Amino acid sequence: MIPLARPTAAKPESASLGPVQPLSWRLRHAAKTALLRVRNSVLRRPSAVKDRRLILDFIAASHMTVLEIGAGDGNSIQQRSTSCVDLLKVDAAGRELFVIRDAASLLERHDAPVVLYGNADLTSNFGYHPVETMWLLQRYGYRFFMVGASGRITPLPGSPPRDTMLIAAKPSHPLYPSLEGRPR
Amino acid sequence: MKTAIIKQLLDVFGPWSSIKWSDTTPLGLFDIWPGKALYWELTCMLQADWYIVPVSLEGAYLRDAIKKQPGRAQMVQKFTKNVTEVAAIPFENYDLVITIDNILDVPPGLPNLFAFYAQEHWDPIYAHSLRRPLNGYDLFLAHMLDAPGEFRGLPQSVSFPYLHDPAVIRPVFSPPRQDITWMDWRTVVTLTNQPLDSSWSPQTDATLLRAQETLGLPVRCGSASKSKSYFIADEPSWGDAADYTRALAECRYYIALGRLAGAGQGLAEAAALGCLCIGQSDRAYHRLLCHPKFLLDDLFDLPARLQLLRQSSDLQQEVLAHQDRNLILHFRDRPLALLHQALQMKRTT
């Protein structure tokens, strides 16, 4: 039994999505705490920045609803239940643009998830520039934050350096003020 | 200022026939002018005669444009008409002689002003000429604008762009303007994340389609010929340069960002045609021409800036006025004044 379940929140059909919890004020708080923990502890260690799994583990442990899309998942995002996703973590080995395109219906929503992905230059294998992924997310209303080498999360003023971990969030997202480094 | 422009037979730029200005028209020049329209405005502004002379200097550019392309030398020779021996050029009829590369040995004491452009900035000819004009020339015209900008005396290497004048090009190419953006092919290749020397492919076509979707308007790119080196096909497509220019003139916007090369000549051509340009801050011509709001450091802000431009007709007018003002100043008035000044000095000394 999921405590504080939001009655309207549909549950995911696939058990492979990881821990799924509806959004409530408690879970928002947990999610915020998770990202703060990521920011404050894990990402301060440069070696941890490279290990995206760690980030995911931290966030998952916080009971955020996490949808993780990997390189082999193809278009399966459309087939999944995505009614209650707080964070979309994409690690598609260069196919990020196409994965995020497939997630249009999820990402266009007002309550769209935070998106976490790497800006690695594997995209040449798929014939596109990493900036195109950012353009696409911008169209959905996202703004960008960069996880720096020191682990600090900072708003992104322009193009990020290659091989950077990026966090995209909409200003309407509860975590957005935290990402900006100001109190909610 | 009576002007002659001289190039070598195997130089693929410019007209492929010697021709006198009095025997042609601005539009008529394109009948013998395949490839890019580089030097076309210069020709019209100076009302210059063209001479095609036999090859005497085989520099890096000629090797790249001709020797590396099997069969091209034979093709260029086959289609180039009215080749003139240097000795047969009536130099005494001209105040100014401009050559493409330093292909003449200029003896001292002539009253004419001799100047040359280097066809490619990566050719060692360019770097050597930056120090001092070669072969007895009076001026080296540094089109990358990396030489001194002020005229100090002769001989001198001087910053000197390819010339442009809205008053020359717009009456010839004034099709109805459409809500289309032209994207430099290098921008498309950058977005495809491929090297600049890679050929056009289904991936680059897919990039163009995505760019249209992102920018929200039709995107045009000279894709038919850009897979050929120097925009020259297996046989010259007469009128290609005119078609290119006309198609460009139909576009309201022009975008050149990403891994670009050279000084930014494509953007200057677009600005001369009245396109509203978005350029990159690391290109010399872009810095001179682009409105500050539309001079970007990279691709990231492109969709937002284009949107900003599209939404405001006041801003569009402001951008066009900025571009025109700078085009006339930097690409017409100043360079022409410099030539007059140099000619005057040549004659008095």
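## Starting point: B:Asn193

Let's open with one residue of this predicted model. B:Asn193 is buried, because 24 other C-beta atoms lie within 10 Å of its own, and the cut-off for that label is 20 or more. The backbone at B:Asn193 has a positive phi of about 60 degrees, even though the residue is not a glycine. You'll find B:Asn193 in the loop between H6 and H7 of chain B.

Helix H6 spans 185–191 and helix H7 spans 202–215, and each supplies at least two residues of the side of chain B that touches chain A.

## Where chain B meets chain A

How many residues does each chain put into the contact? Chain B brings 16 and chain A brings 13. On the chain B side, H7(B) gives the most, with 5 residues. By residue type, that side of chain B splits into 5 nonpolar, 7 polar and 4 charged.

As for the predictor's own scores, the complex gets an ipTM of 0.88 and a pTM of 0.84.

## Chain B as a whole

Chain B has a mean pLDDT of 94, with 98% of its residues at 70 or more. Its secondary structure comes to 12 helices and 11 strands. Along the principal axes, the C-alpha atoms of chain B fill a box of roughly 60 × 45 × 35 Å. The radius of gyration is 20 Å, which agrees with the value near 20 Å for a compact globule of 349 residues.

Of those 349 residues, 46% count as buried. Take the contacts in chain B between residues at least 6 apart in sequence: 66% of them join residues at least 24 apart.

Chain B is divided into domain 1, made of 3–164 + 332–348, and domain 2, which covers 167–328. Their C-alpha centres lie 26 Å apart. Across the boundary, 29 residues of domain 1 of chain B are in contact with 28 residues of domain 2 of chain B.

Which elements give two or more residues to the domain 1 side? They are helix H1 (40–46), helix H3 (72–79) and helix H12 (313–348) of chain B. H1(B) has the largest share, at 4 residues. This side of domain 1 divides into 19 nonpolar, 5 polar and 5 charged residues.

In soluble globular proteins, nonpolar side chains tend to be buried together. Here the largest nonpolar core holds 137 residues, and the members that touch the most others are A:Ile167, B:Tyr254, B:Cys275 and B:Cys277. H12(B) gives the most to this core, with 7 residues. Domain 1 and domain 2 of chain B both give residues to the core, so it lies between them.

B:Cys277 is a handy place to look around. Leaving aside its neighbours within four places in sequence, B:Cys277 is in contact with B:Tyr254, B:Leu267, B:Ala270, B:Ala271, B:Leu289, B:Cys290, B:Phe294 and B:Gln323.

Just after H9(B), B:Gly274 takes a positive phi of about 95 degrees.

## Backbone details in the loops

Phi of B:Asn135 is near 55 degrees, a positive value in a residue other than glycine, and its place is in the loop between helix H4 (124–131) and S5 of chain B. Is B:Asn135 buried or partly exposed? B:Asn135 is partly exposed, because 15 other C-beta atoms lie within 10 Å. B:Asn193, by contrast, is buried, with 24.

The bond from B:Leu154 to B:Pro155 is cis, with omega near -10 degrees. B:Pro155 is found in the loop between strand S5 (139–142) and strand S6 (156–159) of chain B.

How values were computed. Residues numbered from 1 in each chain as written. Chains lettered and ligands numbered in written order. Predicted model: local features only at pLDDT ≥ 70, side-chain atom pairs only at ≥ 80, totals over all residues. Rg over C-alpha atoms; globule rule 2.2 N^0.38 Å. Buried ≥ 20, exposed ≤ 12 C-beta atoms within 10 Å, placed from the backbone. Contact = placed C-beta atoms within 7 Å. pLDDT = per-residue confidence, 0-100. Nonpolar A, V, L, I, M, F, W, Y, C, P; charged D, E, K, R; others polar. Domains from an automatic or database assignment. Core = buried A, V, L, I, M, F, W, Y, C linked by C-beta atoms within 7 Å.
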